[in-house]
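Here's a quick tour of one protein chain, written to be read with the model open beside it.

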Amino acid sequence: MLFWPDEGPAVTGPDSGEGDAPWALDLRGTGVATLPSLRAWAGKSLGHLSPDHLADVLMVVEELASNAYEHTSGPSYARLTVLSRPCVVVIEVADPEPGRPEVRPPDFDRARGRGMLLVDRLADDWGVHEHSGGKTVWARLGCGVPAREACESSR
């Protein structure tokens, strides 16, 4: 299923010399100020996606990590996996604590608290895998095109 062993994944991606998916980023010891760098890393890793699909993926990556920063001691890792046929991006964010994120109804009197609602609306599916090292929250986003089409932009 979608989780990492307790020892964590190797950190890979465009800057590591290993350009093939899945891409993983070690986020241990970072703070919320890392979110722009996380978003840039994900955008660079997934630059081959169509602009609309990439925008949705980046929003979900940022929301899952933001949720981990706000409600736990912070994320441990982020991982991105792309399946080209059918086009699906799997986003995983692990943190060292138990507990499941909740989708709350919108409360327009609060400035925050709609992140998982956004994930729920953008993702085709999402869930939580609890393991001995905490949990991994994952989301799957399809391209919204017929399964025989690839993820790449038609640019």
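## A serine in a loop

Where is the place of Ser73? Ser73 sits in the loop between α2 and β2. Keep in mind that this is a predicted model.

Is Ser73 buried or exposed? Its relative accessibility is 55%, so Ser73 counts as exposed. Leaving aside residues up to four places away in sequence, Ser73 touches Ala68, Pro96 and Glu97. Asp95 is 22 residues from Ser73 in sequence, with 7.6 Å between their C-alpha atoms.

## The overall layout

Zooming out, the protein chain has three helices and five strands, and along the sequence they come in the pattern β-α-α-β-β-α-β-β. The chain has 155 residues, and 44% of them count as buried.

Looking at contacts in the chain with a separation of 6 or more, 63% come from residues 24 or more positions apart.

Helix α1 covers residues 35-45, and its buried residues are Leu35, Leu38, Trp41, Ala42, Gly43 and Ser45. These buried residues pack against β1 (23-26), α2 (51-71) and β2 (77-83).

## Two helices crossing

Two packed helices are described by the angle between their axes and the distance between the axes. For α2 and helix α3 (residues 115-122), the angle is about 145 degrees and the axes are 9 Å apart. The crossing of α2 and α3 is left-handed.

Which residues of α2 and α3 meet? From α2 come Asp56, Met59, Val60, Glu63, Leu64 and Asn67, and from α3 come Gly115, Met116, Leu118, Val119 and Leu122. Sorted by class, the contact has seven nonpolar, two polar and two charged residues.

## Salt bridges

How many salt bridges does a search of the whole structure find? There are six. One of them joins the side chains of Arg39 and Glu62, at 2.8 Å from N to O. That pair links distant parts of the chain, with Arg39 in helix α1 and Glu62 in helix α2, 23 residues apart. Arg39 counts as partly exposed at 30% relative accessibility, and Glu62 is partly exposed too, at 24%.

Glu130 and Arg100 form another, their closest N and O atoms being 3.2 Å apart. Glu130 lies in strand β4 (residues 125-131) and Arg100 in the loop between β3 (88-95) and α3, so this pair ties together parts 30 residues apart in sequence. Arg28 and Asp26 also meet through their side chains, at 2.5 Å from N to O, and Asp26 is partly exposed with a relative accessible area of 27%.

Methods:
Residues are numbered from 1 along each chain as its sequence is written. This is a predicted model: local features need pLDDT of at least 70, side-chain atom pairs count only at pLDDT 80 or more; totals for chains, interfaces and linings use all residues. Side-chain values use heavy atoms; hydrogens and water are left out. Buried means under 20% relative accessible area, exposed over 50%, partly exposed in between (1.4 Å probe, protein chains only). Helices (H or I, at least four residues) and strands (E, at least two) are DSSP runs, numbered from the N terminus. Contact means heavy atoms within 4.5 Å. Axes are lines fitted to C-alpha atoms, for helices over the stretch in contact, and angles run from 0 to 180 degrees between N-to-C directions. A crossing is left-handed if the near helix is turned anticlockwise from the far one by less than a right angle, and right-handed if clockwise. Ala, Val, Leu, Ile, Met, Phe, Trp, Tyr, Cys and Pro count as nonpolar, Asp, Glu, Lys and Arg as charged, and the others, Gly among them, as polar. A salt bridge is a side-chain nitrogen of Lys or Arg within 4 Å of a carboxyl oxygen of Asp or Glu.
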